[in-house]
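Reader: Hi, I have a structure open and I'm new to this. Can we walk through it together?

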Amino acid sequence: MVSDHHYHFVGQPYKAQVVLKQLMMKAFQPTPQAFPGDEDNGSMASWFLFNSLGFYPFCSGSGEYTLGIPLFDKAILYLSNGQQLIITANQTAEQYQFVAEVELNGQVSTSLVLKHDDIMQGKDITFKLSLVPIIKEVEADDLPTSLTQK
C-alpha cells in the first residue's frame with residue numbers, strides 16, 4: 001500500500017488525513033479477510049496499527065514519525081523503559097476526517113512529525129479532530145526530514 005503521508009513533505013497533511021481515515025474505516029474490517037491485499041509478512045497489519053494510533057514511521061531509521069489521524073479515542077502504549085505514551089483524540093467518528101490541532105504534553109505542536117525521543121519519554125499526545133480541513137501555513141522546520149531542501 002502506498003502511504004499517503006507524502007503530503008506531509010509539502011506541508012499539506014489535510015490531504016493525507018482524509019485518505020488515511022477512509023482507508024482505516026473502509027479497507028480494514030473485522031472479518032476473515034480483514035486486510036486489503038496480501039498480508040504474508042505483516043506489512044498491512046503494521047500499517048494499520050501505526051496509522052490507527054495517529055502516526056507512521058514513514059522513513060525507517062530517521063527517528064521521525066509523520067502525524068496522521070488516530071482512529072481511537074484513547075490508546076496507551078506501555079514502553080520498554082517503563083514510560084507510557086498516551087494518545088487521546090476527540091470526535092473520532094467517521095465524519096471527523098481532519099486534524100485541527102495536536103498537543104504534545106498540553107502544548108500546541110505545529111510539527112508534522114513526532115520524534116522517537118518524544119515517544120520514549122512517554123509524552124501525552126492529544127489530537128483535536130475536525131469536520132473540515134484545517135489549511136494553514138507550515139514552517140520548513142515543521143516538515144519531515146527530506147533529502148531535498150526545505
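Predicted model: local features only at pLDDT ≥ 70, side-chain atom pairs only at ≥ 80, totals over all residues.

Reader: Good. How many helices and strands does the chain have?

Author: There are three helices and eight strands. Read from the N terminus, the order is α-α-β-β-β-β-β-β-β-α-β.

Reader: And what share of the residues is buried?

Author: The chain has 150 residues, and 39% of them count as buried.

Reader: What about contacts across the sequence?

Author: Take the contacts between residues at least 6 apart in sequence. Of those, 64% join residues at least 24 apart.

Reader: Now the strands. In what order do β1, β2 and β7 lie in their sheet?

Author: The order is β1-β2-β7. It is an open sheet of three strands, and the pairing is antiparallel.

Reader: Why do β1 and β7 each have a side without a neighbour in the sheet?

Author: Because β1 (55-56) and β7 (113-115) stand at the edges, each with a single partner strand.

Reader: How many bridges join β2 to β7?

Author: Three bridges do, with β2 covering residues 64-67. To see the pairing on screen, look for Thr66, which stands opposite Val113 in β7.

Reader: What about β8? Does β4 pair with it in the parallel or antiparallel sense?

Author: β4 and β8 are parallel, over four bridges. Ile86 stands opposite Asp124 in β8.

Reader: And how does β5 pair with β8, parallel or antiparallel?

Author: That pairing is antiparallel, over six bridges. Leu104 has Ile125 in β8 as its bridge partner.

Reader: Switching to helices. Which residues of α2 are buried?

Author: α2 spans residues 43-53. Its buried residues are Met44, Trp47, Phe48, Asn51, Ser52 and Leu53.

Reader: The numbers come in steps. Why would a helix do that?

Author: An α-helix has 3.6 residues a turn, so residues three or four places apart point the same way.

Reader: What covers the buried residues of α2?

Author: The cover includes α1, β1, β3 (74-78), β4 and β8 (124-130).

Reader: And which residue follows α2?

Author: Gly54 does, with a positive phi near 105°.

Reader: Which other residues have a positive phi without being glycine?

Author: Gln91 is one, at about 50°. Asn105 is another, with phi near 55°.

Reader: Where do they sit?

Author: Gln91 is in the loop between β4 (84-89) and β5. Asn105 is in the loop between β5 and β6. Both are partly exposed, Gln91 at 40% relative accessible area and Asn105 at 42%.

Reader: OK, aromatics. How many aromatic pairs are there?

Author: Four, in a search of the whole structure. In one of them, the ring centres of Phe50 and Phe55 lie 5.9 Å apart. Their planes are at 70°, so this pair is edge-to-face.

Reader: Are Phe50 and Phe55 buried or partly exposed?

Author: Phe50 is partly exposed, at 29% relative accessible area. Phe55 is buried, at 3%.

Reader: Which residues do ring pairs link into a cluster?

Author: Phe50, Phe55, Tyr56 and Tyr65.

Reader: Last topic, holes. How much space is in the largest pocket?

Author: About 310 Å³. It is lined by 22 residues, and the closest to its centre are Pro13, Ser109, Thr110, Leu112 and Lys136.

Reader: Which elements give two or more residues to that lining?

Author: α1 (13-27), β5 (98-104) and β6 (107-109) do. β5 has the largest share, with four residues.

Reader: What kinds of residue line the pocket?

Author: 10 are nonpolar, seven polar and five charged.

Reader: Which residues line it?

Author: Phe9, Phe58, Cys59, Ser62, Glu64, Thr66, Val113, Pro144 and Thr145. Five are nonpolar, three polar and one charged.

Definitions and conventions. Residues numbered from 1 in each chain as written. Heavy atoms only, no water. 1 Å grid on protein atoms, 1.4 Å probe; cavity = no way out; pocket = protein on both sides within 12 Å on 5 of 7 lines; lining within 4 Å. Points joined across faces, edges and corners; volume = space filled by probe spheres on them. Nonpolar A, V, L, I, M, F, W, Y, C, P; charged D, E, K, R; others polar. Buried < 20%, exposed > 50% of the residue type's maximum accessible area, 1.4 Å probe, protein only. Phe/Tyr/Trp six-rings, centres within 6.5 Å; stacked < 30°, edge-to-face > 60°. Pairing = 2+ DSSP bridges. Contact = heavy atoms within 4.5 Å.
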